[in-house]
Amino acid sequence: MRPTVIIDNGHGCDTPGKCSPDRKHREWQWARRCARAIARKLERNGIAPHILVPENRDVPLRQRCDRANRLALASPGAVLLSIHNNAAGSDGRWHSASGWSAFVSHNASAASCRLAAMLTEEAALRKLLGNRCTPPEGFWRADLAICRNTVCPAVLTENMFQDCPEDVEFLSTQDGIDAIVDLHVDAILKYFKI
């Protein structure tokens with residue numbers, strides 16, 4: 001049986017506030033583009049990807065967790081990646097916080113922590129950690145429903161800041177997309193020892 005990766009592409013078009021201050025960068029569009037690219041590359045490497053939210057609209061967290069759990073129970077050994085952009089504020093202004101980070105839940109399994117550390121390692125290799133400190137273990141812990149309420153190893157990635165001008169510029173380039181996609185895929189390949 002092929003390894004399975006469940007890709008949660010985050011918020012929908014109707015989730016308020018998930019954009020850059022100039023509204024040019026929209027998290028829901030970026031996350032879906034990134035999730036599709038990760039899925040294609042995983043498929044080429046023999047991994048079965050499942051995009052959790054094919055809809056453009058927002059799907060409530062409870063429903064996303066239910067979907068993920070059904071997929072995980074049908075595919076033993078599956079892992080979940082939740083793809084997002086970070087924000088330093090909710091005031092509609094530009095900020096200076098920058099960089100990439102990984103999150104697991106407070107009740108995270110050892111496998112979740114291992115995957116999060118591998119993802120951070122790949123981000124560090126690409127010099128994407130930005131200007132904030134990273135905890136020594138390589139990831140943050142937070143009370144995130146998509147990680148807490150799922151039955152498989154789960155990591156939420158915050159892929160740069162949508163209210164940092166330099167990060168938004170990076171995310172809008174093909175090189176930026178490729179770097180984010182590659183760090184996720186390379187970490188998954190290492191996790192599954194492919």
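Q: Is Phe-103 buried or exposed?
A: In this predicted model, Phe-103 is buried, its relative accessible area being 16%.

Q: How many aromatic pairs does the structure hold?
A: There are two aromatic pairs in the structure. In one of them, the ring centres of Phe-103 and Trp-140 are 6.4 Å apart and the planes stand at 25 degrees, so this pair is stacked.

Q: Where do Phe-103 and Trp-140 lie?
A: Phe-103 belongs to strand 4 and Trp-140 to strand 5, so the pair ties together parts 37 residues apart in sequence.

Q: And Trp-140, what is its relative accessible area?
A: The value for Trp-140 is 26%, and the residue is partly exposed.

Q: Why is the pair of Tyr-191 and Phe-192 edge-to-face?
A: The planes of these two rings are at 85 degrees, and an angle over 60 counts as edge-to-face. The ring centres of Tyr-191 and Phe-192 are 5.0 Å apart. Tyr-191 is buried, with a relative accessible area of 9%.

Q: Changing topic to helix 3: what should its 16 residues span?
A: Helix 3 covers residues 110-125, and at 1.5 Å a residue it should span 22 Å. The C-alpha atoms at its ends are 23 Å apart, which agrees.

Q: Which residues of helix 3 are buried?
A: The buried residues include Ala-111, Cys-113, Leu-115, Met-118, Leu-119 and Glu-122.

Q: What do the buried residues pack against?
A: In helix 3 they pack against strand 3 (79-86), strand 4 (100-104), strand 5 (140-141), strand 6 (154-161) and helix 6 (174-191).

Q: What follows helix 3?
A: Lys-127 follows helix 3, and its phi is positive, near 60 degrees.

Terms used: Residues numbered from 1 in each chain as written. Predicted model: local features only at pLDDT ≥ 70, side-chain atom pairs only at ≥ 80, totals over all residues. Heavy atoms only, no water. Helix = DSSP H or I, 4+ residues; strand = E, 2+ residues; numbered from the N terminus. Expected span 1.5 Å × (residues − 1). Buried < 20%, exposed > 50% of the residue type's maximum accessible area, 1.4 Å probe, protein only. Contact = heavy atoms within 4.5 Å. Phe/Tyr/Trp six-rings, centres within 6.5 Å; stacked < 30°, edge-to-face > 60°.
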